[in-house]
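Biologist: I'd like to learn how to read a structure like this one. Could you take me through it feature by feature?

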Amino acid sequence: MPLPTKPLLFTVTTDLCFDQRMQRICGSLAAAGYRVQLVGWQRPTSPPLTPQPYHQHRLRGWFQKGKFFYLEYNLRLFFYLLGQRAAAWCACDLDTALPVWLRARLSSQPFVYDAHELFTEVPEVVARPAVQRLWCWVESFIVPRARLAYTVGPALARVFEQRYGRPFAVVRNVSRLRTNEALPPAPTAAPPGGYILYQGALNVGRGLESLIDAMPQVAGRLVICGEGDLSAALRERAERLGLLASASNPVGKVEFRGFVLPEALRDVTRHAAVGIMLLENIGLSYYYSLANKFFDYVHAGIPQVLIDFPEYRALNDQFDVAELVSDLEPATLAAALNRLLRDEPARYQHLAENCRRAAPQLSWQHEEQVLLKLFADLIP
């Protein structure tokens with residue numbers, strides 16, 4: 001493969017260790033010969049950086065959330081970028097976009113926008129009209145000025161295209177298929193002792209309160225991997241319902257494992273019985289989302305309980321790997337989970353077999369080719 005050796009710089013507000021999308025994107029571009037740098041933010045609880053085939057740098061500062069964090073991050077990022085060189089500058093989401101656009105403009109080089117979500121429609125922004133107006137202005141300034149723009153799914157691409165009348169490519173947030181790790185045959189029923197797995201941020205709008213409320217009626221236990229704004233409240237909720245491990249119940253119905261690094265998370269996922277992917281309809285970003293956990297569950301060969309939103313319905317109509325739920329009532333969630341865990345073993349086996357058939361088609365190996373062509377066309 002020819003080696004472009006051209007430098008690319010990407011920016012995020014994550015701490016880099018748990019950002020699987022950026023690890024895939026930067027890793028693929030580095031393997032294609034680009035000199036890639038990924039810039040993020042050092043958090044108080046951040047683990048050491050994991051080895052990657054590209055350069056990583058974490059900025060440090062005083063604030064970790066809120067308007068002062070965004071102000072500090074953008075200022076520190078801009079001054080850091082002044083000392084860097086790149087053939088193209090890529091901002092991941094609106095919260096990193098302004099300093100990256102300005103740096104690209106100063107050097108008359110391409111500015112790239114990677115929309116991991118519809119930032120102006122995430123719940124934390126939708127709930128605050130003044131904040132939403134500010135981010136809408138940033139979006140209206142940034143998106144038309146991007147030489148290349150892409151996002152995670154077709155539905156979000158259509159939203160951007162309708163808003164700004166410009167093309168938006170799609171690079172889905174799909175897991176890399178490990179061809180050297182063949183899955184065993186699909187089980188004939190949910191494995192004894194297998195758990196329900198939620199992986200991801202513990203934030204508003206993820207359906208986690210309803211999921212915990214459903215657990216007393218569910219024939220299984222729940223493992224939660226991740227942290228977020230609701231971490232303390234969800235733990236208190238589970239404790240109040242008597243779902244956490246105790247002297248009288250050493251296992252517990254709900255287990256919080258905190259942050260889990262991607263490689264370890266893959267093993268946790270492979271040993272689950274059912275995955276869960278729930279969202280509330282509180283903003284277009286969630287409604288049109290296409291989360292990587294959907295693909296992670298498919299690659300692990302486990303059925304999932306899935307919110308009935310457009311992107312997920314379209315994929316499930318094609319591959320039939322999940323039970324869809326139309327609402328997040330605890331009774332609805334308990335019924336769907338019990339169907340898979342206890343009541344309908346034939347249905348469980350059917351979905352698990354479909355996961356194994358779908359995995360080769362839903363892989364990063366396909367998305368990687370789209371990504372590489374986009375950058376090859378941008379920087380010939």
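Modeller: Gladly. Let's begin with empty space. Rolling a probe the size of a water molecule over the atoms shows where empty space is left. In this case, the second largest pocket holds about 760 Å³ of space. Keep in mind as we go that the model is predicted.

Biologist: Which residues are closest to the centre of the second largest pocket?

Modeller: They are S175, R176, R178, E263 and R266, out of 33 residues that line this pocket.

Biologist: And which helix gives the most to the lining of the second largest pocket?

Modeller: That is α9, with 6 residues. Helices α1 (20–31), α9 (262–270) and α11 each supply at least two residues of the lining.

Biologist: Let me pick a residue in α11, then. What does N292 touch?

Modeller: N292 sits in helix α11. Leaving out residues up to four places away in sequence, N292 touches Q20, R24, N173 and S175.

Biologist: Is N292 buried or exposed?

Modeller: Its relative accessibility is 18%, so N292 counts as buried; the cut-off for buried is under 20%.

Biologist: What does F294 touch?

Modeller: Setting aside residues up to four places away in sequence, F294 touches M277, Q304, L306, Y312, L315, V321 and L362.

Biologist: How should I read the two sides of a helix?

Modeller: Start from the general idea: an α-helix has 3.6 residues a turn, so residues three or four places apart point the same way. Now take α14 (residues 345–358), which has 14 residues and reaches 20 Å from its first C-alpha to its last, close to the 20 Å expected at 1.5 Å a residue. Its buried residues are Y348, L351, A352, N354, C355 and A358. Because they cover an arc of only 160 degrees around the axis, they lie on the same side of α14.

Biologist: What do the buried residues of α14 pack against, and which exposed residues does the face turned away carry?

Modeller: The buried residues pack against β11 (274–277), α11 (292–300), α12 (310–319), β13 (322–325) and α13. The face turned away from the buried side carries the exposed residues A346 and R357.

Biologist: Last topic: backbone angles. What should I look for in phi?

Modeller: Most residues other than glycine have a negative phi, and most peptide bonds are trans. L16 has a positive phi, near 80 degrees. L16 lies in the loop between β1 (7–11) and α1, and at 1% relative accessibility it counts as buried.

Biologist: Where is D320, and what is its phi?

Modeller: D320 is in the loop between α12 and β13, and its phi is also positive, near 50 degrees. With 23% relative accessibility, D320 counts as partly exposed.

Conventions. Residues numbered from 1 in each chain as written. Predicted model: local features only at pLDDT ≥ 70, side-chain atom pairs only at ≥ 80, totals over all residues. Heavy atoms only, no water. Contact = heavy atoms within 4.5 Å. Helix = DSSP H or I, 4+ residues; strand = E, 2+ residues; numbered from the N terminus. Expected span 1.5 Å × (residues − 1). Buried < 20%, exposed > 50% of the residue type's maximum accessible area, 1.4 Å probe, protein only. Arc of directions from axis to C-beta. 1 Å grid on protein atoms, 1.4 Å probe; cavity = no way out; pocket = protein on both sides within 12 Å on 5 of 7 lines; lining within 4 Å. Points joined across faces, edges and corners; volume = space filled by probe spheres on them.
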